[in-house]
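Dear colleague,

Please find below the structure that I am handing over to you, together with its sequence. My findings follow after it.

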Amino acid sequence: MKVDTHVHTTRSDGLSTVEEVAKRARHKGLDAVIITDHDVLYEGPSEIYGVKILRGEEVSSSAGHILALFVEERIPPGLSVGETIDRIHEAGGIAIAAHPFDKLRKGIGKLVYKFDFDGIEGYNGYEALPRANKKAIKAAKELNKPITAGTDAHYAPHVGYCYMIVEELTPEGILRGTPVCKKVPLIKRLKVYVKRKFR
Ligand SMILES: [Zn+2]
Ligand SMILES: [Zn+2]
C-alpha cells in the first residue's frame, strides 16, 4: 500500500480541503494519506473516495517541527522536544523529526541526534534548503533509525510526490516501510508560496 505521510489542508496553512486531498490521492493511486496540519489534530472521516484518511499533526515544538503520526489526541505546541516526543507516545503515536535540516522551515537540526525519535523524515517533497534531505538521511543512517518520506503537500495537486510503501497502515508499518520520493518542482510550489505564507 502507498501512504503519503505528510499532508496539510485548509485546517492549517494548506490551500486544499481534505476532500480535495482525498480525490487527488485516489487519482495518484495512494491507499492512504496522513493529515498533519500545524498544531491541529485531524478530526474527520476516516475514509473519503476510498482513500484512508489517517490522523496526524505537525507539532511546533519549542525547537522546531515534529510529526505526530497516529496520535489519538492533540499535542500542544511550544513544548520542549523531549516532552513533545513523550506526549506523542502517550497519545499512542510515533514521533518523526520533520525535515530536520530544513532550517528555513523550522527543522530541529542537530537535536535530531540528541532525542529518541521513532523515525526521521529523510525525504520531504518541499525541501527548501539544498542538501536538507541528504543530511536527514545521513543522520538516520548514523542513528540506525527508520527513514520516512512525505510530500509535505500544501496543495492537493502536490499530494503523492513522496510516500511510503507499506504492508500495513499502522505505526509499525510506516516505520518498516520503503520511502519513495520525487520533490515537488519549485515552479509548482510557487502557487503555494504566493497564496499563503506557508510554514
Ligand atoms: Zn514543517
Ligand atoms: Zn509540514
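Predicted model: local features only at pLDDT ≥ 70, side-chain atom pairs only at ≥ 80, totals over all residues.

**The chain as a whole**

The secondary structure comprises five helices and ten strands. The radius of gyration is 15 Å, close to the 16 Å given by the globule rule for 199 residues, so the chain is as compact as a globular protein of that length. Along the principal axes, the C-alpha atoms fill a box of roughly 40 × 35 × 30 Å. Of the 199 residues, 50% count as buried. Among contacts between residues at least 6 apart in sequence, 58% join residues that are at least 24 apart.

Helix α3 is formed by the twelve residues 132-143. At 1.5 Å a residue it should span 16 Å, and its end C-alpha atoms are 17 Å apart, which agrees. Its buried residues are Ala-132, Asn-133, Ala-136, Ala-139 and Ala-140. Viewed down the helix axis, these buried residues fall within an arc of 125 degrees, and they therefore line one face of α3. Lys-134, Lys-141 and Glu-142, on the other side of the helix, are exposed. The cover over the buried residues of α3 includes the strands β7 (119-124) and β8 (147-150). Just after the helix, Asn-144 adopts a positive phi of about 55 degrees.

**Strands β7 and β8**

The two strands pair in the parallel sense, over four bridges. One of the residues concerned is Ile-120, whose bridge partner in β8 is Ile-147. The chain passes from β7 through α3 to β8, and this β-α-β crossover is right-handed. Within β8, Ile-147 and Ala-149 point one way, while Thr-148 and Gly-150 point the other way; all of these are buried.

**Gly-50**

Gly-50 and Leu-30 are 20 residues apart in sequence, and their C-alpha atoms are 9.8 Å apart in space.

With kind regards

Notes: Residues numbered from 1 in each chain as written. Chains lettered and ligands numbered in written order. Expected span 1.5 Å × (residues − 1). Buried ≥ 20, exposed ≤ 12 C-beta atoms within 10 Å, placed from the backbone. Arc of directions from axis to C-beta. Contact = placed C-beta atoms within 7 Å. Pairing = 2+ DSSP bridges. Right-handed = clockwise from strand over helix to strand, strands pointing away. Rg over C-alpha atoms; globule rule 2.2 N^0.38 Å.
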